[in-house]
Structures are given as structure tokens and as C-alpha cells.
Amino acid sequence: MSLVITGNPGVGKHTIAEKIAQRLGLVIFDINKIAKDAGLFEENQDTNDVDTEILEKIIAEKISENNLIIGHLAPYVLEKNQVKKMIILRRSPYDLIKVYKERRYPDEKIRENTGSEILGIISHDAISKFEEKTIQIDITGKTIQEAIEKVMVMISGNEGDEKVDWLDLVTKNNDLQKFFVD
Ligand SMILES: Nc1ncnc2c1ncn2[C@@H]1O[C@H](COP(=O)(O)OP(=O)(O)O)[C@@H](O)[C@H]1O
Ligand SMILES: [Mg+2]
């Protein structure tokens with residue numbers, strides 16, 4: 001069984017996973033890279049436009065116990081018996097916008113990805129499939145170092161999920177239009 005880090009694009013999966021992998025002596029297994037190498041992504045990585053059934057088979061053949069698996073598709077291409085713990089990283093949509101602008105995502109892709117984080121789609125799907133194996137962690141406002149420490153503490157302890165409700169925040173800020181309307 002493997003340790004898994006998932007969450008929307010831009011939440012910090014790769015940044016955090018590299019350090020965690022070093023500390024725990026694990027080897028990173030990047031689902032996006034595997035999908036790309038297998039020719040399953042068109043040009044658009046970071047989308048869900050991929051045949052998850054084929055990807056699931058390829059991954060099952062390649063993963064081993066010493067892997068730290070990363071990817072926003074993780075909940076859709078892994079089975080519960082392959083997973084020791086699944087960390088779901090969460091990050092404020094206001095911070096994600098900045099990451100996506102730096103990545104020069106087109107407006108539509110920014111809306112799609114911030115919308116997904118606000119509604120908590122990956123989180124919902126992960127928790128309903130992987131249940132007690134999931135640990136939801138909000139890294140908003142943390143430095144990278146602080147985020148790594150928080151993830152390490154939550155992996156080693158038996159902490160439950162953190163509550164995250166961006167929809168409530170965005171509604172209170174009167175920003176629904178900003179995120180969901182052209
Ligand atoms: N805790 C953090 N605080 C501030 N910036 C962060 C943090 N973690 C990651 N970042 C930055 O956010 C951006 C996206 O991180 P990345 O690891 O590429 O995300 P992902 O792999 O989930 O797409 C990078 O520019 C990274 O330096
Ligand atoms: Mg990444």
C-alpha cells in the first residue's frame with residue numbers, strides 16, 4: 001500500500017511531495033507523468049480528459065510499496081486496497097488564481113480549476129471512496145516549510161480531516177460571480 005498526495009492543480013502537491021519523499025525515503029510516482037508517457041493526455045495536462053480505466057491498469061502494474069503517489073487524478077485511478085493514506089491538499093481559491101496566472105492558464109481553465117476547488121470535488125470524491133484513509137489538510141497561508149511540517153505531523157498522527165469550506169468564504173466575500181461567471 002502506498003502513501004498518496006492529491007488535490008487540485010496548484011495546491012502544492014509536487015513541492016510538498018518532494019520533501020516528504022526525501023524524509024520518508026520514498027520514490028515519487030507522478031500520475032501525470034505516467035499518463036503523459038503513455039500518451040493518454042492530449043496536450044492539456046491538468047485536466048480530467050484522460051481514459052482513467054487504462055491509466056488505472058498501467059498504474060497498478062507499476063506502483064510499489066516504496067512509492068509516494070502524486071496526482072489530482074489519484075482518487076479516480078487507485079483502489080482503496082492500494083492506499084495506506086491519502087492526503088488531500090486544500091488551498092484557498094484566491095491563492096490558486098495567482099498560481100494559475102503564473103502558469104498562464106487560459107481564463108476558462110482558471111475558472112474550471114478554482115471552481116473545482118471551491119466545490120471541493122476532488123476532496124468529496126476522495127473521501128467517499130477512500131474514507132478513513134483520507135486526511136484533508138488546508139495549507140493556505142503557510143510557507144512551504146510550514147506546510148511540509150503540517151503534512152508530516154498529520155501523516156504520523158491519527159488526526160482526522162480539517163474542515164474546509166471555500167464556498168462559504170467565497171459567498172461571504174460576495175465573489176461567486178468572480179469565480180463562476182464570465
Ligand atoms: N505552502 C506553500 N505556500 C506558498 N506557495 C506554495 C506552497 N506550496 C507550493 N507553493 C507554490 O505554489 C505553486 C504550485 O505548487 P505545485 O507544487 O506545483 O502544485 P501542484 O503540484 O499541486 O500543481 C508553486 O509555485 C509552488 O512554489
Ligand atoms: Mg504539480
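Modeller: One cut-off before we start: a polar contact here is a pair of N or O atoms within 3.5 Å. And keep in mind that this is a predicted model.

Colleague: What does the side chain of Thr-15 do?
Modeller: An N or O atom in the Thr-15 side chain lies 2.5 Å from an oxygen atom of the ligand.

Colleague: How much of ligand 1 does the protein bury?
Modeller: 76%. Taken alone, the ligand exposes 560 Å².

Colleague: Which elements give two or more residues to the shell around ligand 1?
Modeller: Helix H1 (13–24) and helix H8 (144–156). H1 gives the most, with 3 residues.

Colleague: How many residues surround the ligand in total, and which are closest?
Modeller: 16 residues. The closest are Gly-10, Lys-13, His-14, Thr-15 and Arg-103.

Colleague: How does that shell split by class?
Modeller: 6 nonpolar, 6 polar and 4 charged.

Colleague: Now pockets. Which one does ligand 1 take up?
Modeller: The space taken by ligand 1 is the largest pocket. Its volume is about 340 Å³.

Colleague: How many residues line the largest pocket, and which lie nearest its centre?
Modeller: 21 residues line it. Gly-10, Val-11, Gly-12, Lys-13 and Thr-15 lie nearest the centre.

Colleague: Where does the largest share of that lining come from?
Modeller: From H1, with 4 residues. H1 and H8 each supply at least two.

Colleague: And the classes in the lining of the largest pocket?
Modeller: 6 nonpolar, 9 polar and 6 charged.

Colleague: OK, moving on. How much space lies in the second largest pocket?
Modeller: About 160 Å³.

Colleague: Which residues line the second largest pocket?
Modeller: Ile-97, Lys-101, Asp-107, Ile-110, Arg-111, Thr-114, Lys-178, Phe-179 and Val-181.

Colleague: Which helices each supply at least two residues there?
Modeller: Helix H5 (93–102), helix H6 (107–119) and helix H10 (176–180). The largest share, 4 residues, comes from H6.

Colleague: Last one. How does the lining of the second largest pocket divide by class?
Modeller: 4 nonpolar, 1 polar and 4 charged.

Conventions. Residues numbered from 1 in each chain as written. Chains lettered and ligands numbered in written order. Predicted model: local features only at pLDDT ≥ 70, side-chain atom pairs only at ≥ 80, totals over all residues. Heavy atoms only, no water. Near = heavy atom within 4 Å. Polar contact = N/O pair within 3.5 Å; in protein donor to acceptor, adjacent residues only side chain to side chain. Areas by Shrake-Rupley, 256 points an atom, 1.4 Å probe, with all protein chains shown as cover. 1 Å grid on protein atoms, 1.4 Å probe; cavity = no way out; pocket = protein on both sides within 12 Å on 5 of 7 lines; lining within 4 Å. Sits in = over half its atoms within 2 Å of the grid points. Nonpolar A, V, L, I, M, F, W, Y, C, P; charged D, E, K, R; others polar. Points joined across faces, edges and corners; volume = space filled by probe spheres on them.
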